[in-house]
Amino acid sequence: MKYNPVDRETQLDPYANYKWLRENEPVYYVEELNAWAITRYEDVKHVLKRHDLFSSDPLIQIAFGDFNPAPGAAYVLSSDQPDHTRLRRVLGAAFSNKIVQAQTPRIVELCSELIPPILNQDRVDFVPAFTSPLPVVVIAEMMGIDSDRREDFRKWSNEITLGSADISEAQRAAIKDSAKEFRAYFEDVIERRRKQPGPDLLSAMISAQEEHGKLTADEVLAFCVLLLVAGNETTTSTVGNTLYLLSKYPEQKKLVMEDRSLIPNLVEESLRYISPIQLLFRRTREPVEIAGISLPADAIVMPIYGSANRDESIFKNADTFDITRGDLKAHMAFGHGIHHCMGALLGRHESTQAVAAVLDQMPNYEVDFEAGVDWIDAFYLKGPKVLPLIKTGAK
């Protein structure tokens with residue numbers, strides 16, 4: 001078997017590949033990326049946990065490609081100690097449970113604004129109608145930026161994730177132009193927040209930069225990239241994946257329609273079953289051995305979350321979508337170790353509230369599989385970019 005995550009057919013359904021790799025070559029060299037795919041749960045956990053052996057520094061260059069409005073900035077995703085602790089401390093408190101729970105009224109309000117116009121339509125693409133604008137507005141308001149620029153945010157977010165795809169020169173040029181647009185927009189907003197700070201994340205980052213020297217100007221800009229993607233793309237995918245799965249497995253939808261207390265479990269099982277982030281990257285700091293395979297220093301490794309979350313040694317009947325399963329705390333959809341997603345609480349909460357609103361207000365809508373679901377192009381992400389819904393009984 002040849003595993004190539006950049007291949008479009010492989011991206012659409014990678015799970016048979018993952019299973020074969022776990023059973024036969026758990027450390028597999030991917031020629032197209034010059035990287036080693038790590039597929040077993042315990043090995044993925046080892047790579048993520050041992051930041052002393054595996055550096056995160058290649059992540060931004062590989063994943064974001066040409067979309068880099070802040071060259072040289074230490075992104076929190078790709079930084080190592082001690083920079084990682086310094087950067088993470090600035091934003092960690094902003095995603096506490098108290099602050100996340102305080103977003104509930106606004107999330108409920110947004111759902112109540114976005115869903116009613118849909119009810120007048122027999123068919124709708126649910127991504128631009130709901131799954132995309134909801135998290136964009138939430139994170140934009142938390143950052144203190146203009147939520148009415150949501151179309152620009154979505155465009156920038158899409159092109160960030162296209163940065164490493166197999167794209168044309170024209171697309172590559174467009175991505176670089178978008179990176180310049182992004183930088184110009186946020187430099188203007190940052191300057192305005194510097195003069196008139198508010199109770200928002202961006203003002204807090206600027207304060208940390210100016211008063212304590214904790215962040216450079218480019219690191220503030222880099223955080224804006226991170227928040228735009230992490231606060232938008234993954235939640236958009238989680239909600240879309242969840243609704244896709246409920247239509248694909250109607251017996252599971254029946255369970256949750258009869259018992260709303262299953263909604264949190266539904267979201268967790270969706271995160272496990274179709275991990276929004278399928279894989280990321282690390283670099284070996286020194287010669288290491290994984291599953292009996294020796295790797296040299298400076299080798300690029302790909303811990304594959306999507307495979308770890310289907311590992312039968314951890315999850316019973318791993319290829320079965322089951323919202324009643326009890327082993328969900330072990331899933332690694334949000335990573336593991338010091339790089340565990342600090343926005344995980346917000347992502348879970350937004351997704352739970354959004355799915356509940358859809359089940360309550362749109363129970364008679366299903367995914368139109370005949371029209372076809374189109375998936376995000378980035379090979380390391382998994383979620384619908386087009387999710388056609390149809391009202392039950394509509395022709």
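A word on labels before we start: helices (H or I, at least four residues) and strands (E, at least two) are DSSP runs, numbered from the N terminus. What you're looking at is a predicted model, where local features need pLDDT of at least 70, side-chain atom pairs count only at pLDDT 80 or more, and totals for chains, interfaces and linings use all residues. Residues are numbered from 1 along each chain as its sequence is written, and side-chain values use heavy atoms, with hydrogens and water left out.

**Stop 1: the sheet.** Select the five strands of the open, mixed sheet, in the order S1-S2-S8-S5-S3. Strands count as paired if DSSP finds at least two bridges between them. S1 (27–30) and S3 (54–55) are the edge strands with a single partner each, so one side of each has no neighbour in the sheet. Next, pick helix H3 (residues 41–49), which packs on the sheet and touches S2 (35–38), S3, S5 and S8; contact here means heavy atoms within 4.5 Å. The direction of H3 makes about 120° with that of S8. Axes are lines fitted to C-alpha atoms, for helices over the stretch in contact, and angles run from 0 to 180 degrees between N-to-C directions.

Now zoom in on S5 (residues 282–284) and S8 (residues 300–303): they run antiparallel, joined by two bridges. Arginine 283 has isoleucine 300 in S8 as its bridge partner.

**Stop 2: a helix pair.** Show H14 (residues 233–248) with H15 (residues 250–258), which pack at about 110° with their axes 5 Å apart. That makes the two helices roughly perpendicular (65 to 115 degrees). To see the contact, select Leu246, Ser247 and Lys248 of H14, then Pro250, Gln252, Lys253 and Val256 of H15.

**Stop 3: isoleucine 206.** Find this residue in helix H12 (residues 201–212). Is isoleucine 206 buried or exposed? Buried, at 3% relative accessibility (the cut-offs are under 20% for buried, over 50% for exposed and partly exposed in between, with a 1.4 Å probe and protein chains only). Leaving out residues up to four places away in sequence, isoleucine 206 touches Ile190, Arg193, Arg194 and Val220.

**Stop 4: two positive phi values.** Jump to alanine 291, in the loop between S6 (288–290) and S7 (293–295). Its phi is near 50°, positive in a non-glycine residue, and alanine 291 is partly exposed at 41%. Finish at asparagine 317, in the loop between H17 (305–308) and H18 (344–361). Asparagine 317 has a phi near 50° and is exposed, at 52% relative accessibility.

Notes: Angles under 35 degrees count as roughly parallel, over 145 as roughly antiparallel, 65 to 115 as roughly perpendicular and the rest as oblique.
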